[in-house]
Amino acid sequence: MKSIEIDDELYQYIAGQTKKIGESASEILRRLLLGDAEAQVPEVSEVAAVETPVAVNSNIFDLINKQDLQAESSVVGRFLFILSTLARVHKKQFNKVLDIKGRNRLYFGRSAEELSEAGSSTNPKQIPNTEFWVITNSNTTRKKMMLTETAIKLGYSEQDAERIRDLL
């Protein structure tokens, strides 16, 4: 399988064309571009299609599938991918992550320097396609806790926050 880079706007359009839960980007493109019979799903009525929210107003489960996560070989890669997707879905609210902190360190910031000054060996990384940075030297359990807190800050239920955490 090959990977390609596309801009956020195009990705949101493709994700907005999802017709069934778990449909991969490849399946969507095959259906849209090639009219592939196996990728076809039952047509949605026009009224329902008009009322269907665009990907920007959807939630993370509409945009992430197992294939996307498997493409990320490391926990840090998956962590950044999930955060990037949350940021894309919740652009206007994502700055709430800046409130998520540990006892003695910041977890999120607007620059690598901000995070480096707030703790030692934080290994800050920029969340792809955002202006936000996150520490990445914490263990997987801490990363899961950060994802859970992020999801709750963005308005997800406890159950959905746990599902997001379990994506890692």
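## Helix 7

The buried residues of helix 7 are Lys143, Met146, Leu147, Thr148, Thr150 and Ala151, where buried means under 20% relative accessible area, exposed over 50% and partly exposed in between (1.4 Å probe, protein chains only). Helices (H or I, at least four residues) and strands (E, at least two) are DSSP runs, numbered from the N terminus. The model is predicted, so local features need pLDDT of at least 70 and side-chain atom pairs count only at pLDDT 80 or more, while totals for chains, interfaces and linings use all residues. Residues are numbered from 1 along each chain as its sequence is written, and side-chain values use heavy atoms, with hydrogens and water left out.

Helix 7 comprises 14 residues and spans 20 Å from its first C-alpha to its last, close to the 20 Å expected at 1.5 Å a residue; the expected span is 1.5 Å times one less than the number of residues. Just after the helix, Gly155 adopts a positive phi of about 100°. The cover over the buried residues of helix 7 includes helix 5, strand 1, strand 3 and helix 8.

## Overall architecture

The protein contains eight helices and three strands, and from the N terminus on its elements run α-α-α-α-α-β-α-β-β-α-α. Of its 168 residues, 38% count as buried. Among contacts (heavy atoms within 4.5 Å) between residues at least 6 apart in sequence, 50% join residues at least 24 apart.

## Nonpolar core

A nonpolar core is a set of buried Ala, Val, Leu, Ile, Met, Phe, Trp, Tyr and Cys residues joined through side-chain atoms within 4.5 Å. The largest one has 35 residues, and those with the most contacts inside it are Ile82, Phe94, Phe108 and Tyr156. Two or more residues each come from helix 1 (8-16), helix 5, strand 3, helix 7 and helix 8. Helix 5 supplies the largest share, eight residues.

## Aromatic pairs

Rings of Phe, Tyr and Trp (its six-membered ring) pair if their centres lie within 6.5 Å; planes under 30 degrees apart count as stacked, over 60 as edge-to-face and the rest as tilted. By this rule there are two aromatic pairs. The ring centres of Phe61 and Tyr156 are 6.3 Å apart and the planes stand at 90°, so this pair is edge-to-face. Phe61 belongs to the loop between helix 3 (46-51) and helix 4 (66-71), and Tyr156 to the loop between helix 7 (140-153) and helix 8 (158-167), so the pair ties together parts 95 residues apart in sequence. Both Phe61 and Tyr156 are buried.

The rings of Phe94 and Phe132, with centres 5.3 Å apart and planes at 70°, are also edge-to-face. This pair links parts 38 residues apart: Phe94 in the loop between helix 5 (75-89) and strand 1 (108-109), and Phe132 in the loop between strand 2 (124-126) and strand 3 (133-135). Relative accessibility is 1% for Phe94, which therefore counts as buried, and Phe132 is buried at 6%. Not counting residues up to four places away in sequence, Phe94 touches Leu83, Leu86, Ala87, Ile127, Phe132, Thr150 and Leu154.

Arg163 lies over the face of Phe61, 3.7 Å from the ring centre; the criterion is NZ of Lys or CZ of Arg within 6 Å of the ring centre and within 35 degrees of the ring normal.

His90, in the loop between helix 5 and strand 1, counts as buried at 13% relative accessibility. Its side chain makes a polar contact with the side chain of Tyr156 (2.8 Å). A polar contact is a pair of N or O atoms within 3.5 Å; within protein, one must be able to donate a hydrogen and the other to accept it, and residues adjacent in sequence count only if both atoms are side-chain atoms.
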